[in-house]
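Work through the exercises below with the model open. Each task is followed by a solution in steps.

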Amino acid sequence: MAFKTAASSLRGCRDSYSTYDIQSADRQRFDQAFGRYADYTADEIVRITYGRNAIYEAAPSQEENIYNGPDMTM
């Protein structure tokens, strides 16, 4: 799920991040999908963008590579 949040809410190392800083429409979608009092963790963040630039992108997990099968490119 993609959503916009305040950059200040992602500062620091925390166990979880609150949905308080997510924009209203995005927070409603988040609440419908995960429940009203759900938070998210740093491990669940896949990509952070600023404008059109990706400033953080998580490495693909080992599990995803297993399901994709062997690389057959030459």
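**Exercise 1. Core**

Task: find which residues make up the largest nonpolar core, then list what Tyr40 touches.

Solution. Step 1: apply the definition. A nonpolar core is a set of buried Ala, Val, Leu, Ile, Met, Phe, Trp, Tyr and Cys residues joined through side-chain atoms within 4.5 Å. Buried means under 20% relative accessible area, exposed over 50%, and partly exposed in between, with a 1.4 Å probe and protein chains only.
Step 2: the largest core has six residues, namely Tyr17, Ile22, Phe30, Ala38, Tyr40 and Ile45.
Step 3: count contacts, meaning heavy atoms within 4.5 Å. Leaving out residues up to four places away in sequence, Tyr40 touches Phe3, Thr5, Leu10, Ser16, Tyr17, Ser18, Thr19, Ile22, Phe30 and Ile45.

The model is predicted: local features need pLDDT of at least 70, side-chain atom pairs count only at pLDDT 80 or more, and totals for chains, interfaces and linings use all residues. Residues are numbered from 1 along each chain as its sequence is written, and side-chain values use heavy atoms, without hydrogens and water.

**Exercise 2. Chain layout**

Task: state what pattern the protein chain follows along the sequence.

Solution. Step 1: take helices (H or I, at least four residues) and strands (E, at least two) as DSSP runs, numbered from the N terminus.
Step 2: the protein chain has two helices and two strands. Their pattern is α-β-β-α.
Step 3: check burial. Of the 74 residues, 12% count as buried.
Step 4: check contact range. Among contacts between residues at least 6 apart in sequence, 27% join residues at least 24 apart.

**Exercise 3. Hairpin**

Task: determine how strand 1 and strand 2 run, and how many bridges join them.

Solution. Step 1: two strands pair if DSSP finds at least two bridges between them.
Step 2: strand 1 (residues 47-50) and strand 2 (residues 53-57) run antiparallel, joined by four bridges.
Step 3: name partners. Arg47 is bridged to Glu57, and Thr49 to Ala54.
Step 4: inspect the turn. Two residues separate the strands of this hairpin, and Gly51 in the turn has a positive phi of about 70 degrees.

**Exercise 4. Two residues compared**

Task: classify Asp26 and Thr41 as buried, partly exposed or exposed.

Solution. Step 1: Asp26 lies in helix 1. Its relative accessible area is 15%, so Asp26 is buried.
Step 2: beyond residues up to four places away in sequence, Asp26 touches Phe3 and Lys4.
Step 3: Thr41 sits in the loop between helix 1 and strand 1. Its relative accessibility is 26%, so Thr41 counts as partly exposed.
Step 4: with the sequence exclusion of up to four places, Thr41 touches Asp15, Ser16 and Tyr17. Thr41 and Cys13 are 28 residues apart in sequence, and their C-alpha atoms are 9.8 Å apart.

**Exercise 5. Lining by class**

Task: find which element gives the most residues to the lining of the largest pocket.

Solution. Step 1: helix 1 (24-34) and strand 1 each supply at least two residues of the lining.
Step 2: strand 1 gives the most, with four residues.
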